[in-house]
4 protein chains.
Amino acid sequence: MKHSVDLSKYQIRTDLAIESIKDIKNISKEKIEENIKITNVVVDDKVSSLINKKKGNYITIEFDDVTDSSNYEKVKKVFVRELNNLLNLLKIDKKASCLIIGLGNSKSTPDSLGPLTINNIIVTNHLFELDELSDEYRRVSVLVPGVMGQTGLETSDVISSIVDKFKPDFIILIDALASQSIERVNKTIQMTDTGIHPGSGIGNSRKEISYETLNIPCIAIGVPTVVDAITIVSDTINYMHKHYTYSKLNINNPLNKLMAYSPNYLKEKIELNKKDKETLLGIVGTLEEEEIKQLLFEVLSPIGYNMMVTPKEVDFLIEKLSNLIGNGLNEALHNI
Amino acid sequence: MKHSVDLSKYQIRTDLAIESIKDIKNISKEKIEENIKITNVVVDDKVSSLINKKKGNYITIEFDDVTDSSNYEKVKKVFVRELNNLLNLLKIDKKASCLIIGLGNSKSTPDSLGPLTINNIIVTNHLFELDELSDEYRRVSVLVPGVMGQTGLETSDVISSIVDKFKPDFIILIDALASQSIERVNKTIQMTDTGIHPGSGIGNSRKEISYETLNIPCIAIGVPTVVDAITIVSDTINYMHKHYTYSKLNINNPLNKLMAYSPNYLKEKIELNKKDKETLLGIVGTLEEEEIKQLLFEVLSPIGYNMMVTPKEVDFLIEKLSNLIGNGLNEALHNI
Amino acid sequence: MKHSVDLSKYQIRTDLAIESIKDIKNISKEKIEENIKITNVVVDDKVSSLINKKKGNYITIEFDDVTDSSNYEKVKKVFVRELNNLLNLLKIDKKASCLIIGLGNSKSTPDSLGPLTINNIIVTNHLFELDELSDEYRRVSVLVPGVMGQTGLETSDVISSIVDKFKPDFIILIDALASQSIERVNKTIQMTDTGIHPGSGIGNSRKEISYETLNIPCIAIGVPTVVDAITIVSDTINYMHKHYTYSKLNINNPLNKLMAYSPNYLKEKIELNKKDKETLLGIVGTLEEEEIKQLLFEVLSPIGYNMMVTPKEVDFLIEKLSNLIGNGLNEALHNI
Amino acid sequence: MKHSVDLSKYQIRTDLAIESIKDIKNISKEKIEENIKITNVVVDDKVSSLINKKKGNYITIEFDDVTDSSNYEKVKKVFVRELNNLLNLLKIDKKASCLIIGLGNSKSTPDSLGPLTINNIIVTNHLFELDELSDEYRRVSVLVPGVMGQTGLETSDVISSIVDKFKPDFIILIDALASQSIERVNKTIQMTDTGIHPGSGIGNSRKEISYETLNIPCIAIGVPTVVDAITIVSDTINYMHKHYTYSKLNINNPLNKLMAYSPNYLKEKIELNKKDKETLLGIVGTLEEEEIKQLLFEVLSPIGYNMMVTPKEVDFLIEKLSNLIGNGLNEALHNI
């Protein structure tokens, strides 16, 4: 079986950086605080060429559940601190003016993270003219450019025209992302100073939104809110492999018989081997991860490839996350 | 009693042109079709200096009720025809590209006419790159710039930066207006080629959105959706005068005793005289309309002057009107 | 001029009790805490017959601005305390189950207070079956019955059928009210144990929602969110009178010349006299308040009597108030 | 590998009847009109015992795309006709009063089909008291009971209490369903006279909403708007099998090399054999469909089993479908 599929069409809007670099441990620093995992990755020129990721800083905050109010506060605290660190690293002045941009489609729930976040921002730019604000506040303005399918306008061009006119000192972009892993959906916030590539504009440098195109620092903040059908199937194939090996090893473990649905198998460190995978999954078991994804792309295309996977509670989760990011931005940007 | 109030603060965002010129009959043409009144006013240089209205064409469509579906269709038909006439008058080519701008605050119901209208527009601009459209379609893109209180950005600057970047051949602005008369709220559509003055930017030419500032034709379409408290009181004072005179004249009319609440008094032509007004209303009855408004401004300011008057069904009416204007624009702009 | 108008048609859905009883000082207790005025009125049988108000407890909380977050917290604290007092007065047990009912039309902003409040309630009733909750929680369920114009069903019948089936120990009704005074709109919360009369069902005991009809305690919580056009005009006539007298008395006060729009006139205690009113307002100035309202009803009916007056920021204010009441109910009902 | 999983927990809210009976061809009648497939199934006592489906009529309308306006009209026409047929079959009188119930959670997009449909219904019940309607209209009222997680109240009990009080002659329930097949999501409308089993109330006859529990005809109308993660993986495994066999057979077909992603494989009739499946998929290839689902349930449970799959355009599709069903109900129920 040969796959000559042009994979570039299959690439997802914005990958989580952490997914590309999980094996390059020596460039990333990890810490865990109260069940929140923070990963800092610095991609320099050398690493950049290896992993097809832009040079820059990538911060990833992974957590379990923001619907719990105590956990919400903890995640927000980490978010504010990490954002402040990034602002310092970029030498952004306390008085530098900021334009916050909510990307995505406000009419599609999983894509509405950006526009919803904007609703929570304390906007001050126009009040500076009136000299009405105390020193604690920074100049902040916001923009919700919509998506090209709604507006007919290329989003990056909308942004660059507004930046040219209003000349903010830096911008922050908020966007919903596609994840390449089921487990991270709505449970990760990524921050980076590399900007972003909106829509399908991959490989098209004209569409990039970044320091290179706008000449001001561009911080991008993203949350993976969907995975696509290919990811869920290919992840499940890997889980099946692990589950199979785990079951073989623990077939006589009496604890296991007590516990429904082997809830442990994912948490255990299990040595996997190729032979098991082939026994369990035949030819499919012999394929590399990328080959499986190519195969799935071919198989799923005819039935309409635009399926996405979201948790049932997506409306509620997006609301919480946009609230957390909006309030976190207020704390980090204003001195309140 | 003297009133030295600075009345400029009291001016309303965008007056209906028809209200300023109701007495200058010789420059306006009126026709009535199936209970819809269409008024065409051409303000030339001479008239412009008299009535403080910009030189240009003003078309006003007055109707009773767009919640009735048969009336909705009639009003839409008139709207499409009048808009087409205006496009022809301005020599706008069938293939000229159009940017439609929905002004106002989507989060405040009576101010959401512009953003809601945009939801109904058939957007085509991005599809022209793909060469996917038949000849019936014109290039149309849309923009919802928000209001300065939400975005921190001066709305007219947002618009001019987008116009500079995307270079549409003409723009159409949709906005909710304040009316100076109770009777016209949600029952009038005004079209003009003079553009508009958003927000409180009166007397400030920098904020104008017009041919003069953008160098392309600027059509403004507005619906009065609110009246303020001053208008409702001063209108009511006039109604009291008319009602009083009517009652005096008809005090022995037996028909009137049968009809509750003298529903006729507004429809009759009654000659009003100053003496009656003074008898009925004392000192207040001796004031000119503008003096009454100044007095009311002084009286109402301390209790919070930001009251607005809307019909109870405002949410429903705004939805219908934005639907009518959106679909009307689609018909007029595209050849469908 | 005689007015034989049937005034019953003009009556407003639910008056604020405080407006009917402002002159009966000896039955009401007032206190002011940090600019929040709390009025407790106990209407007994004797008073009830005098003022056409049902026997029961009426608590009114008057405040300035809930969009200020510090004031929001103060008002919420007062609300929780007063509600707890009322629950104690009614001897409602800490474990008694509660059905909270959000009255009004979720699709009409000023009428959506009830449904929006429900969105903020911590609902627990169904979790009791699972025995999953700690002792701090009470059984709480909610209902949004809609309005008859939407559902086709008489609202009080919907409620009584649900109460019969689920047998809550008491109910709390949340509703937007019409005010008879401009100054109180969105600045008052009223609580009472007398239940309510939804819709236009005045004088129709079958539609009442109360202890008498349901056999369980019925607490009603209301906020005036609209005034009608008649109220705004008749209030303004009174303000004109006061403003006129104030201006006469202070005509040479140099302070007044410095201050624009005599902002003080409403705060001063001024002795008003009938003569001034007649001089200022002619015949209208000779009428009693109720006569003026009758006249205005007659005058305004032909132009469509369904105008309502709301502040420009009504969408934002209703959101804040529904949030305050929802969270206040959670604190008072659950032990959290 | 043995699976002792209790499968009852895995059952989905409301299956599409057509999926259970696809192999029992002799009880179903199929026709195709302008690319719309209509399947009528009558389940009698004998069939009922075989397929675990309630005795009754099941009508399924399958279509491609309701966002195309010409197709929208065709599907609506079929929907109205089939609903009228069902009403006739049930001998429901032209004047019989109807309560339409929108099930599901209005705050979760894929579950909001029921509440959104209700927004489009012409409600008349309350107008009959006023004798204001012409003979073309039937008494129609509506109810949006919410879901137990929001209200704390068992939905079927809310419905039965309203039915007891208002005594409609029959009810129509609208609900979003889970599909057991990716291909049918948002592309199928099912109608049945067997009522439904809301929420997790499987095996609990008290929760059923049907003629048996309410003593009036209960028509249920559903659209599958989600598939769960297990379905998407198990469907994909079947597609891989088919794709593998197709590829083997067509390996030298030059046409295939021209066409990207073998778009044809799903449309061809291909004879599948077990040997191929085992070669391709190892042990997994030897399992029966139900065994694979059991395995997937075990594998996916630890990572949170509440994933659902929806098309990216779900918000837009649900709006169109609720519009179609709402307007279709108006045409079928009223004589308009």
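Is Cys218(D) buried or exposed? In this predicted model, Cys218(D) counts as buried, at a relative accessibility of 1%. A relative accessible area of 1% is likewise found for Cys98(D), which is buried.

For Cys98(D), the closest cysteine sulfur belongs to Cys218(D), at 10 Å. From the side of Cys218(D), the closest cysteine sulfur is that of Cys98(D), again 10 Å away. Because a disulfide requires the two sulfur atoms to lie within 2.5 Å, the sulfur of Cys98(D), at 10 Å from that of Cys218(D), is too far for a bond. Over all chains, the count of disulfides comes to 0.

Confidence was considered next, for the complex and then for chain A. The predictor assigns the complex an ipTM of 0.83 and a pTM of 0.83. The average pLDDT of chain A is 82, and 83% of its residues score at least 70.

The division of chain A into domains gives two parts. Domain 1 comprises residues 17–226 together with 312–333, and domain 2 comprises residues 231–309.

Contact between the two domains of chain A involves 8 residues of domain 1 and 8 residues of domain 2. The area buried between domain 1 and domain 2 of chain A is about 590 Å², with 58% of it on carbon and sulfur atoms. On the domain 1 side, the residues that lose the most area to domain 2 are Gln180(A), Ile182(A) and Val226(A). Together, Gln180(A), Ile182(A) and Val226(A) account for 65% of what the domain 1 side buries.

Between domain 1 and domain 2 of chain A, the rule finds 0 salt bridges. The count of residue pairs in polar contact between these domains is likewise 0, with both residues required to be at pLDDT 80 or more.

Definitions and conventions:
Residues numbered from 1 in each chain as written. Chains lettered and ligands numbered in written order. Predicted model: local features only at pLDDT ≥ 70, side-chain atom pairs only at ≥ 80, totals over all residues. Heavy atoms only, no water. Buried < 20%, exposed > 50% of the residue type's maximum accessible area, 1.4 Å probe, protein only. pLDDT = per-residue confidence, 0-100. Domains from an automatic or database assignment. Contact = heavy atoms within 4.5 Å. Buried area = accessible area lost by both parts, 1.4 Å probe. Salt bridge = Lys/Arg side-chain N within 4 Å of Asp/Glu carboxyl O. Polar contact = N/O pair within 3.5 Å; in protein donor to acceptor, adjacent residues only side chain to side chain.
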